[in-house]
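Okay, everyone, thanks for coming. Let me put the structure up, and then we'll walk through a few spots.

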Amino acid sequence: MKAQIKSKMNLEKRVPLQDVIPLQTPFLIYLDPSSVCNFHCIFCPSGHKEMIKKSGYRRSIMSLELFEKVIKDLKEFTRPIKVLRMNKIGEPFLNKNLSKMVAYAKASGSVEYIDLATNGSLFTRDNLSQLFDAGLDRLNISLEGMNREQYVKYAGFNIDFSELVRNVQWLYSHKGKCEVTIKIPGNYITEDQRKDFFDTFGDYCDRIFIEDIAPIWPYFDIEAHSGIKIENKEGQYKQSLQEKDICSYIFYSAVINADG
């Protein structure tokens with residue numbers, strides 16, 4: 001197997017925030033090209049239409065004009081953003097201007113590194129080629145099962161899983177300098193499927209990992225919605241858990257929704 005068994009999280013060489021805050025420029029900006037998702041995952045608030053409706057959250061696709069304004073506004077900071085993460089709660093490939101956005105941000109001088117997470121269901125050789133040519137630094141692929149039946153059950157999506165595998169194989173041989181990571185939630189797959197996951201994708205990505213579903217959304221009872229018992233022995237990425245009094249995200253990151 002070519003891939004490292006390693007999560008998409010870069011936990012090495014992290015800057016101790018207490019030594020550098022307050023920051024004049026965020027390290028990380030989450031930007032949602034699409035707050036719409038074509039999946040309805042049972043373990044994600046985005047997969048529950050009534051919940052989203054009651055929250056008043058407005059789903060939308062970010063326009064290219066708004067995206068360009070955001071990138072121009074980044075010039076107001078004193079230095080480039082370390083990471084522009086082009087996903088939040090939606091599927092970024094639903095935005096037809098995705099590759100244009102990546103190319104524009106890369107050419108701006110305001111962003112050092114761009115990555116995004118996708119469910120991979122909308123991959124085509126054309127949109128992948130455009131994205132790699134645009135200069136995407138990392139593509140994180142999230143699987144929701146190892147066959148069509150599991151996708152229907154857990155993601156509410158009738159996927160052609162064999163086609164997804166072929167697309168991943170193709171993209172890895174055409175990715176250029178882009179790093180590719182692939183992960184799957186271990187809660188829903190069997191021991192045999194864990195081995196099959198590594199056998200199927202281990203030679204077609206740079207990192208591969210089996211995660212655990214974790215309670216990461218406030219006010220969302222993930223156990224009730226997913227049917228999974230959360231043990232709280234390890235974190236989503238197998239990291240040790242620590243009690244914290246303060247959320248660190250507000251000190252180094254910012255979020256821009258699809259509607260601006």
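Let's start inside: β6 gives the largest share of the lining of the largest cavity, three residues. Before I go on, this is a predicted model, where local features need pLDDT of at least 70 and side-chain atom pairs pLDDT 80 or more, while totals for chains, interfaces and linings use all residues. Numbering runs from 1 along each chain as its sequence is written, and side-chain values use heavy atoms, with hydrogens and water left out.

Back to that cavity, meaning a set of points on a 1 Å grid over the protein atoms alone where a 1.4 Å probe fits but cannot get out, with lining residues having an atom within 4 Å of a point. Its volume, the space filled by probe spheres set on the points, is about 40 Å³. The lining is K6, S7, K8, T181, I182, K183, F209 and E211. β6 (179–185) and β7 (207–211) each supply at least two of the lining residues; strands here are DSSP E runs of at least two residues, helices H or I runs of at least four, numbered from the N terminus.

Next, helix α3, residues 98–108: L98, S99, M101, V102, A105 and S108 are buried, that is, under 20% relative accessible area with a 1.4 Å probe, protein chains only; exposed is over 50%, partly exposed in between.

Last, F251. That one sits in helix α9 (residues 249–252), and it counts as partly exposed because its relative accessibility is 37%.

Key
1 Å grid on protein atoms, 1.4 Å probe; cavity = no way out; pocket = protein on both sides within 12 Å on 5 of 7 lines; lining within 4 Å.
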